[in-house]
Amino acid sequence: MRNGPVATRGRVLPPNDPRQYDDLAGEWWRPDGAFAMLHWLARARAELVPPASRPGALLVDLGCGAGLLAPHLAGKGYRHVGVDLTRSALAQAARHGVTVVNGDATAVPLAAGCADVVAAGELLEHVPDWRRAVAEACRLLRPGGLLVLDTLNNTALSRLIAVHIGERLPTVPRGIHDPRLFVDDRELVAECARHGVELRVRGIRPGLRGTLGWLVRRIRSGPVRTPGREPRIRATRSTAVLYQGRGVRHG
């Protein structure tokens with residue numbers, strides 16, 4: 001089932017419309033704002049990225065948004081290139097040290113084999129053809145390069161939690177997802193294998209105690225600009241809702 005249209009800044013947009021990110025441009029770097037969970041996920045994703053193994057190593061961040069991954073890569077030795085469709089987000093990413101590219105994750109204007117690492121965080125569930133985005137991510141990787149990602153699974157439980165419950169909370173933008181685009185983890189593993197990447201996945205979730213504390217603080221006080229205690233993303237045995245993947249390109 002698809003969410004209905006969402007109204008932002010006086011205009012009605014369909015679910016998953018990229019223009020929502022322009023309307024929400026002021027939320028990216030608010031620690032308790034609409035994109036708070038993306039900060040938690042960015043930190044967890046960066047933990048999968050080892051220090052660069054060679055000078056000049058390149059990390060391509062697909063769907064980089066406003067560059068939330070950047071602070072968590074500091075000191076790891078990568079040149080951080082971010083690709084996104086939303087110019088207002090890229091302007092903010094550039095201010096955080098990201099070399100920005102305005103482009104589509106399904107047709108990335110970068111050379112094949114250029115990347116030591118490709119990150120695709122909270123991206124695949126937002127693109128109309130996630131298989132093309134996966135093909136591009138794998139194309140960009142050099143042999144031995146690393147793919148890291150996280151996304152929402154194509155399950156009834158994921159749709160219930162992420163859309164029907166999550167988007168009714170005062171902290172989550174309505175219509176930010178189209179559940180028809182959610183990605184089955186087994187299909188994703190198989191698609192990566194077709195492109196030479198052996199992907200391993202694991203379920204993840206925000207820590208319950210930290211998330212409840214954050215929600216109470218957020219509901220009582222509204223969005224703030226100074227960070228509180230940030231919930232941690234934790235591994236879980238079930239991939240039924242949110243999951244993380246890590247894989248190396250062979251050959």
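Predicted model: local features only at pLDDT ≥ 70, side-chain atom pairs only at ≥ 80, totals over all residues.
**Entry 1: the salt bridge count.** I searched the whole structure and got 13 salt bridges. I then picked out a few to look at.

**Entry 2: Arg-142 and Asp-116.** I found the side chains of these two meeting in a salt bridge, at 2.7 Å from N to O. The pair ties together distant parts of the chain, with Arg-142 in strand 7 (residues 141–152) and Asp-116 in strand 6 (residues 115–121), 26 residues apart. Asp-116 has a relative accessible area of 6%, so it is buried, while Arg-142 comes out as partly exposed because its relative accessibility is 24%.

**Entry 3: around Glu-191.** The Glu-191 to Arg-131 bridge is 3.7 Å, N to O. On accessibility, I noted Glu-191 as buried at 8%, Arg-131 as partly exposed at 36% and Arg-194 as exposed at 62%.

**Entry 4: Arg-234.** I placed Arg-234 in strand 9 (residues 233–236). Its relative accessibility is 46%, so I put it down as partly exposed. Leaving out residues up to four places away in sequence, Arg-234 touches Gly-203, Ile-204, Arg-205 and Gly-207. For Gly-207, 27 residues away along the chain, I read a C-alpha separation of 6.0 Å from Arg-234.

Note on methods. Residues numbered from 1 in each chain as written. Heavy atoms only, no water. Helix = DSSP H or I, 4+ residues; strand = E, 2+ residues; numbered from the N terminus. Buried < 20%, exposed > 50% of the residue type's maximum accessible area, 1.4 Å probe, protein only. Contact = heavy atoms within 4.5 Å. Salt bridge = Lys/Arg side-chain N within 4 Å of Asp/Glu carboxyl O.
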